[in-house]
Amino acid sequence: MAAAGFSCSAADLNPLLGANSTAAAEYICSGFDAVASKFVDTGYAIDNTYLLFSAYLVFAMQLGFAMLCAGSVRVKNTMNIMLTNVLDAAAGGVFYYLFGFAFAFGAPSNGFIGKHFFALHEYPTASFDYGYFLYQWAFAIAAAGITSGSIAERTQFVSYLIYSSFLTGFVYPIVSHWFWSADGWASPAGSDLLFGSGVIDFAGSGVVHMVGGIAGFWGAFIEGPRMGRFDHAGRAVSMRGHSGALVVLGTFMLWFGWYGFNPGSFLNILKAYGESGSYYGQWSAIGRTAVTTTLAGSTAALTTLFGKRLLSGHWNLTDVCNGLLGGFAAITSGCSVVEPWAAIICGFVAAWVLIGFNKLAEKLKFDDPLEAAQLHGGCGAWGILFTGLFATKAYVNEVYPGQPDRPYGLFMGGGGKLFAAQIIQILAIVGWVSVTMGTLFYLLHKLKLLRLSQEEEMAGLDVTSHGGVAYEYTNGYAAEVENQKNRFEMKSPAAF
């Protein structure tokens, strides 16, 4: 028996206890065996409790997405966008259970796709318990939630069901297999490492945020802008959401959930670095990751606040909230392997990346009601590059042990191999999501299942697809809503 660095055997104790002491030695050793087993059980319980709690935090981000989306759209589409967030979780739960988890983590497998654990068959194992499935499901539905914001206010409800199921059941799991599964072709844990490094995308600036953002880009691009978003001269017309309060509530819920998203990606907490008994271990790295996450988001929020003030002359609430989230999306890749001071640089640049992409979107007449493609796609890509520049040697070796000469950040003296691997990750994600989700949205468009009719879009999805409104207002407003509904029903059949 051996556990926690201690071993006990009757043969060792016999000389110390004297003659005829075999029974006593066996009794003492059995007691130590029982105690050691309890410590092992306690270790499993601590690590699984930590992972489950992190999964609950990430799942709470769905409430954040729902509130942020609701506040960012016009009042006539509030019920619709909240329902899509509920269905992202529900449909994602079923399809990730049936297919997604197997495609992502079904080992042993090849470098492209997993092939075990469909519908959690022969699960759990010594490597994976149910908490791990729950945690990864929460990540999958986060990617789907990002996409729903990009195509809000003009998309047929049936399209949400189709794209969400496809994204969580197939597209996202393949990407997570590449970079997070031990068998993935670009995983830092794989045996055949990309440039001797593999990709470091610790909590998913690319795997989650870029996947959701690029998918949202293609949906919004193929649909085209909302009616009235650009005037006849091509100038952008402001179409602000109806509730700043919901935007702030959603932002803070997402901030709270990000402490499960980033620190929780360590998956366990009871791990010493070096000899046991030291104050420094994985628990310290988890705390550092929470700090870098906080600093990046906070810096991005402040940079956006003053940047937008200089550009537009206003202290804009929604822009600051989006800037904050852009900082979080960027730091997600390198949160565990960079110094806190570097996180400030990450957040500062992320704010300007978001502002720049928003300006570009306006010039190209690209309409994303939540700036999701720009925020999650653009800032996510910056975060991947940032990791290739600022990952420190000591932290990389702690988080990804087993290879003493693993490349690290270019600006930290680690050469360009990690940075090159990060560039390949960006290209691979853009290519894969564009081929899969771009094709899906194009087919939905050709089948006339994607964009609403003009009458439906004018009236709003709440009255045309969901039979009511999110709020009760004055009698005058209620009468106007009823008139809109009646006019719509006279012109076209009920929406799906």
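How many salt bridges does a search of the whole structure find? The search finds nine, a salt bridge being a side-chain nitrogen of Lys or Arg within 4 Å of a carboxyl oxygen of Asp or Glu.

1. Basis. This is a predicted model, in which local features need pLDDT of at least 70 and side-chain atom pairs count only at pLDDT 80 or more, while totals for chains, interfaces and linings use all residues. Residues are numbered from 1 along each chain as its sequence is written, and side-chain values use heavy atoms, with hydrogens and water left out.

2. Asp319 and Arg240. These side chains form a salt bridge at 3.6 Å, N to O. Asp319 lies in helix H9 (residues 317-331) and Arg240 in the loop between helix H6 (205-223) and helix H7 (244-261), so the pair ties together parts that are 79 residues apart in sequence. Helices are DSSP runs of H or I with at least four residues, numbered from the N terminus. Asp319 is buried, with a relative accessible area of 7%, whereas Arg240 is partly exposed at 42%. Buried means under 20% relative accessible area, exposed over 50%, and partly exposed in between (1.4 Å probe, protein chains only).

3. Other pairs. Glu457 and Arg451 meet at 2.9 Å, N to O; Glu457 is buried at 4% relative accessibility and Arg451 partly exposed at 23%. Arg235 and Asp231 form a salt bridge at 3.1 Å, N to O, with Arg235 exposed at 55% and Asp231 partly exposed at 27%. A network of salt bridges links Arg74, Glu153, Arg226, Arg229 and Asp367.

4. Second largest pocket. Its volume is about 810 Å³, taken as the space filled by probe spheres set on grid points joined across faces, edges and corners. Of its 35 lining residues, the closest to the centre are Arg229, Arg240, Asp319, Glu362 and Glu371. A pocket is an open set of points on a 1 Å grid over the protein atoms alone, where a 1.4 Å probe fits, with protein on both sides within 12 Å along at least five of seven lines; lining residues have an atom within 4 Å of a point. H10 gives the most to this lining, with six residues. The lining divides into 11 nonpolar, 14 polar and 10 charged residues.

5. Largest pocket. About 1100 Å³ of space lies here. Among its 36 lining residues, Tyr132, Ser265, Phe266, Leu267 and Asn268 are the closest to the centre. The lining comprises 22 nonpolar, nine polar and five charged residues. Ala, Val, Leu, Ile, Met, Phe, Trp, Tyr, Cys and Pro count as nonpolar, Asp, Glu, Lys and Arg as charged, and the others, Gly among them, as polar.

Notes:
Helices (H or I, at least four residues) and strands (E, at least two) are DSSP runs, numbered from the N terminus.
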